[in-house]
Amino acid sequence: MAVTYKKHPNEALFGGEKPFPLIPACEHFAGSEKLILKALSLQDSIGAVFDITCDCEDGAASGQERDHAEMIVRVLNSDANKHKMAGARIHDYTHPAWKLDIDILVAGAGKVLSYITIPKCTSIEQAREMIEYVQAVAKENHINRVIPIHILIETHGALKQVHEIAALPWLQVLDFGLMDFVSAHHGAIPASAMRSPGQFEHRLLARAKSEVVAAALANGVVPAHNVTLDLKNVETTLSDASRARNEFGFMRMWSIYPTQIQAIVDAMKPNFDEVIDAANILLAAQQVEWGPIQYAGELHDRATYRYFWEVLQKARLTKVEIPATAVEAFF
């Protein structure tokens with residue numbers, strides 16, 4: 001008996017388009033070797049549901065930039081980095097060590113580095129030059145893969161050109177940097193707006209966050225939200241992540257303390273009922289070669305199939321249970 005070939009969603013729905021990045025919803029920052037190793041260990045204990053950003057910018061003591069970057073390379077190439085889900089934030093364009101960071105990180109760990117985060121750009125020219133330098137160092141070291149770039153939007157200049165920045169090559173994430181952005185307003189935004197509810201309700205901040213998300217999504221880039229300053233109150237982190245996701249459309253958020261990680265993942269993960277609907281809709285669609293179907297009295301076609309396929313993929317990333325039939329069919 002002939003076996004009927006059933007097209008996979010990636011084949012049926014996206015025909016040659018650039019796929020949207022499917023990356024963890026949480027990004028945990030760690031500055032020292034001790035904290036980086038602790039974070040890598042956490043990936044084993046709670047699951048590989050978050051990325052780790054090894055921080056050169058705030059992690060390296062002045063004058064020890066080379067040693068710090070070399071430490072990151074050593075750790076990322078070690079057995080401790082089991083899941084290969086760690087990137088690094090380099091120094092900003094005005095710091096004399098930014099090229100040194102790239103030289104060391106790309107040459108030493110370019111094959112395992114999940115991404116490079118670029119902070120404090122004030123113009124697209126700075127961002128473009130830094131990306132081109134990453135590309136050049138990768139080529140010199142015979143690293144053929146694309147190293148994803150994350151860019152922090154935390155200055156007036158970057159926000160002004162955010163749509164152009166979002167279209168730069170190798171870009172995977174636009175991060176919003178709240179504290180530096182507030183500080184750049186010379187007191188026009190109060191310090192209270194570095195926390196909730198002000199960070200979501202002050203009009204200058206709401207506008208900035210909305211622009212970052214709009215620019216990111218229009219260019220197939222993931223928008224990532226800033227940290228929660230309240231380190232140990234899990235409910236505050238959960239609330240902030242929920243507002244960032246549901247009111248502004250952010251799809252990723254920074255963590256700066258281990259207890260924040262699970263709260264961010266929980267807030268960002270798909271709703272279980274929607275995951276069930278997604279599985280049922282996609283399984284039914286596959287049976288009719290991705291033509292239109294009715295489900296629960298509603299019409300669905302390729303436009304909604306694309307949405308529900310991303311729901312299923314995000315569910316898998318965040319460890320939400322997916323029906324076994326859908327796992328077998330699609331994963």
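**Strands, helices and side chains in a barrel model**

Trainee: In which strand is Gln172 found?
Mentor: The model is predicted, and in it Gln172 belongs to the run of residues 171-176. That run is strand 6.

Trainee: Why does Gln172 count as buried?
Mentor: A residue is called buried when its relative accessible area is under 20%. Gln172 falls below that cut-off and therefore counts as buried, its relative accessibility being 15%.

Trainee: With which side chain does the side chain of Gln172 make a polar contact?
Mentor: Leaving aside neighbours within four places in sequence, Gln172 is in contact with residues that include Pro21, Ile23, Tyr115, Pro148, Val221 and Val222. The list of contacts also holds Ile149 and His150. The polar contact between side chains, at 2.7 Å, is made with His150.

Trainee: How many bridges join strand 5 to strand 6?
Mentor: Strand 5 covers residues 149-153 and runs parallel to strand 6. Within this pairing, His150 stands opposite Val173 of strand 6. The bridges that join the two strands number five.

Trainee: In what order do the strands of the closed barrel run?
Mentor: The barrel has eight strands, and their pairing is parallel. Neighbouring strands of this sheet are turned against each other by 30° on average, with direction ignored. The order in which the strands run is 1-2-3-4-5-6-7-8.

Trainee: What angle does the direction of helix 5 make with that of strand 5?
Mentor: Helix 5, residues 124-140, packs on the sheet and touches both strand 4 (116-118) and strand 5. Another helix, helix 10 (residues 203-218), lies across strand 5, strand 6 and strand 7, and runs at about 175° to strand 6. For helix 5 against strand 5, the angle is about 160°.

Trainee: Which residue of strand 8 does His28 stand opposite?
Mentor: Strand 1 (residues 26-30) pairs with strand 8 in the parallel sense over three bridges. Strand 8 spans residues 252-255, with Arg252 and Trp254 pointing one way and Met253 and Ser255 the other, all of them buried. The residue of strand 8 opposite His28 is Ser255.

Trainee: What is the handedness of the β-α-β unit made by strand 7, helix 11 and strand 8?
Mentor: Strand 7 (residues 222-225) and strand 8 pair in the parallel sense over two bridges, and Ala224 stands opposite Arg252 of strand 8. Helix 11, residues 234-248, belongs to the unit together with these two strands. The unit is right-handed.

Trainee: Does Ile104 count as buried or exposed?
Mentor: Ile104 is found in helix 4, residues 98-109, and touches Arg66, Ala69, Glu70, Val73 and Ala109 when residues up to four places away in sequence are not counted. Its relative accessibility is 12%, and because the cut-off for burial is under 20%, Ile104 counts as buried.

Trainee: How far does helix 14 reach from its first C-alpha to its last?
Mentor: Helix 14 has 16 residues, 302-317, for which 22 Å is expected at 1.5 Å a residue. Among its buried residues are Tyr305, Phe308, Trp309 and Leu312, and what covers the buried residues includes helix 1 (9-13), helix 13 (272-287) and helix 15 (324-330). Lys319, with a positive phi near 65°, follows the helix.

Terms used. Residues numbered from 1 in each chain as written. Predicted model: local features only at pLDDT ≥ 70, side-chain atom pairs only at ≥ 80, totals over all residues. Heavy atoms only, no water. Helix = DSSP H or I, 4+ residues; strand = E, 2+ residues; numbered from the N terminus. Expected span 1.5 Å × (residues − 1). Buried < 20%, exposed > 50% of the residue type's maximum accessible area, 1.4 Å probe, protein only. Contact = heavy atoms within 4.5 Å. Pairing = 2+ DSSP bridges. Right-handed = clockwise from strand over helix to strand, strands pointing away. Polar contact = N/O pair within 3.5 Å; in protein donor to acceptor, adjacent residues only side chain to side chain. Axes fitted to C-alpha atoms, helices over the stretch in contact; angles between N-to-C directions.
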